[in-house]
Amino acid sequence: MAGVAAQQPYIQCIKRTLNAALCLMNFPSQIVERHNKPEVEAKSSPELLLNPVVIARDDEQVLIESSVNSVRLSIKIRKLDALDTQITKSFMEFLERRAEHYYIMRRKPVFHDGVQYDLSLLITNEHTDAMAKDQLIDWVVAFMQDISKELSDIKIHVWRYCFFLIFFCCSTVGGKLRDPPWKVVKDGTRFRRRCRRPCQAHEKRRAFPGDRSSKRRIQMPQKRRSQYDSPNTPFPYFNSTHTHRSVSGREKSRKTFS
């Protein structure tokens, strides 16, 4: 909650600046007849451009460039280390490849006054005519906050994955780290999951470490066989003589079915 409260002045400043800049109108080009292009992109008439506004907070900042018929909003996201830089770059490339779904997003961010921004939005008079200005401003601010939250979640997930990977590699190679409960160890020819409380069979095996026959003595009770189950043939009806085990599993008897 403290971080949200500290970010409120920054958000309010962006809202008020956008509210003043989004007073757009349809204005055709003064150079090319019957052309209507965003002047903030074309920059064909300097008298139609307003002074750019930079709103900064720590390492993050927003650039708002206004003109008579368009506004360009560029966002620079806070990056603390190389991992943040790589995650932000990959995530922005993912969004820019899908810019057509976001109507106001540019496929390439802006480079202005030696600062490379991560994301740029272009709002024209057509957007303000089709959408409510207040709702458009609220969406832009919510979009900025969602991006920051998503990047933080991705970084936490990457750190968690790296921690488990390093733990697993060190435990497998034979490091001094303690074996985690999820470590998969090899037991004979089968792989089992290490549990915190060993079962009864493991306790008995530990009781006789030198006796190799201890594994043979510890066996699961055999499944009770039906009188129609034959150990020799898959179907007992192919031969009249059928051999099966009794309930105890030690004696064998022969029965003849007519």
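So, Phe-143 is buried, with a relative accessible area of 10%; buried means under 20%, exposed is over 50%, and partly exposed is in between, using a 1.4 Å probe and protein chains only. Keep in mind that this is a predicted model, where local features need pLDDT of at least 70, side-chain atom pairs count only at pLDDT 80 or more, and totals for chains, interfaces and linings use all residues. Residues are numbered from 1 along each chain as its sequence is written, and side-chain values use heavy atoms, with hydrogens and water left out.

Now, which ring stacks with Phe-143? That's Trp-139: the centres are 5.0 Å apart and the planes sit at 10°, so we call the pair stacked. Rings of Phe, Tyr and Trp (its six-membered ring) pair if their centres lie within 6.5 Å; planes under 30 degrees apart are stacked, over 60 edge-to-face, and the rest tilted. Trp-139 and Phe-143 are four residues apart in helix α5, about one helical turn. Trp-139 itself is partly exposed, at 36% relative accessible area.

The structure holds three aromatic pairs. Another one is Tyr-102 with Phe-143, which is tilted: 5.9 Å centre to centre, 50° between the planes. Tyr-102 lies in the loop between α3 (82–96) and β4 (111–112), and Phe-143 in helix α5 (residues 133–173), so this pair ties together parts 41 residues apart in sequence. Helices (H or I, at least four residues) and strands (E, at least two) are DSSP runs, numbered from the N terminus.

Put together, ring pairs link Tyr-102, Trp-139 and Phe-143 into a cluster.
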